[in-house]
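User: I should like to learn how to read the features of a protein model. Could you guide me through one, step by step?

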Amino acid sequence: MNEPTYIERALFLMGEQDTGKSTQLRSMFLDHRLGKYGQIPEAHNLPNSYMLSNNRSLYLRLTSPHEAGEDIQEFLAKCRREMSRSPLTRRRNFAGALQISGTDDLPEGRDVIEAFVETFAPERIRAVILSPTCWGASIDDIPLLTNELREIPRCEVITVDATDRTANGLIYSDFFDFT
């Protein structure tokens, strides 16, 4: 198995289960570079790899590892495997959904990001907290969560209003704009 040679950026959209993480990630397709002509795809089985340029790829993961029932090792192994699939791409990027709270199989989102950073050492990490959620509910203890996430090296933290399904797509895709 090929090792990812370089992980440039990692974007984690964070919320609890059923708060709009995948919908917000899908809105990235408003960016024409992702090959959907600015249209948000409705299909449930989207490809998980997209070319950002001749030398850059994006691994898009719509399902949180918490919701997939993965443990930390399964999640990291799957990320490694998926990001290594394109041997012609030297610079990999990641965008994925992540729950804030832990489950029986996986620790809290903060700990998952920390393990991702320790495993892949991305150049930049951005944690996006969805609050208010797609249902208009605010996440409790945002200051505490924000402070914990900022303790992770190179981790930027922002809070985004997720009540509009399409309002933030270009914010997310711009994180992967290297021009």
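Predicted model: local features only at pLDDT ≥ 70, side-chain atom pairs only at ≥ 80, totals over all residues.

User: Leaving aside neighbours within four places in sequence, which residues is Leu 149 in contact with?

Analyst: Residues are numbered from 1 along each chain as its sequence is written, and side-chain values use heavy atoms, with hydrogens and water left out. Contact means heavy atoms within 4.5 Å. Leaving aside its neighbours within four places in sequence, Leu 149 is in contact with Met 14, Arg 110, Ile 113, Ala 127, Ile 129, Cys 155 and Val 157.

User: Which residues of the largest nonpolar core touch the most other members?

Analyst: A nonpolar core is a set of buried Ala, Val, Leu, Ile, Met, Phe, Trp, Tyr and Cys residues joined through side-chain atoms within 4.5 Å. Buried means under 20% relative accessible area, exposed over 50%, and partly exposed in between (1.4 Å probe, protein chains only). The largest nonpolar core here has 30 residues, and Phe 12, Phe 94, Ile 113, Phe 116 and Leu 149 touch the most other members. At least two residues of this core come from each of strand S1 (7-15), helix H2 (72-83), strand S4 (91-99), helix H3 (109-120), strand S5 (124-130), helix H4 (142-150) and strand S6 (155-160). H3 supplies the largest share, six residues. Another core, of 21 residues, lies apart from it, and its members include Leu 13, Ala 97, Val 128 and Leu 130. As for the labels, helices (H or I, at least four residues) and strands (E, at least two) are DSSP runs, numbered from the N terminus.

User: Why does the distance between the end C-alpha atoms of H3 agree with its twelve residues?

Analyst: The expected span of a helix is 1.5 Å times one less than its number of residues. The twelve residues of H3 should therefore span 16 Å, and its end C-alpha atoms are 16 Å apart, which agrees.

User: Which residues of H3 are buried, and what covers them?

Analyst: An α-helix has 3.6 residues a turn, so residues three or four places apart point the same way. In H3, the buried residues are Gly 109, Arg 110, Val 112, Ile 113, Ala 115, Phe 116, Val 117 and Phe 120. Their cover includes S1, H2, S4, S5 and H4.

User: Which residues have a positive phi although they are not glycine?

Analyst: Most residues other than glycine have a negative phi, and most peptide bonds are trans. Asp 18 has a positive phi of about 60 degrees. Asp 18 sits in the loop between S1 and helix H1 (21-26), and counts as exposed because its relative accessibility is 54%. Ala 121 also takes a positive phi, near 50 degrees. Ala 121 belongs to the loop between H3 and S5, and at 48% relative accessibility it counts as partly exposed.

User: Where is a cis peptide bond found?

Analyst: A cis peptide bond joins Ser 131 and Pro 132, with omega about 5 degrees. Pro 132 lies in the loop between S5 and H4.

User: Is Asn 168 buried or exposed?

Analyst: Asn 168 counts as buried because its relative accessibility is 7%. Asn 168 is placed in the loop between S6 and helix H5 (169-174). Not counting residues up to four places away in sequence, Asn 168 touches Gln 24, Ser 27, Val 160, Asp 161 and Ala 162.

User: What lines the largest pocket?

Analyst: On a 1 Å grid over the protein atoms alone, a pocket is an open set of points where a 1.4 Å probe fits, with protein on both sides within 12 Å along at least five of seven lines; lining residues have an atom within 4 Å of a point. Grid points are joined across faces, edges and corners, and a volume is the space filled by probe spheres set on the points. The largest pocket holds about 190 Å³ of space. Its lining consists of His 44, Leu 46, Pro 47, Asn 48, Tyr 59, Leu 60, Arg 61, Leu 62, Thr 63, Ala 68 and Lys 78. Strand S3 (residues 56-61) gives the most to this lining, with three residues.
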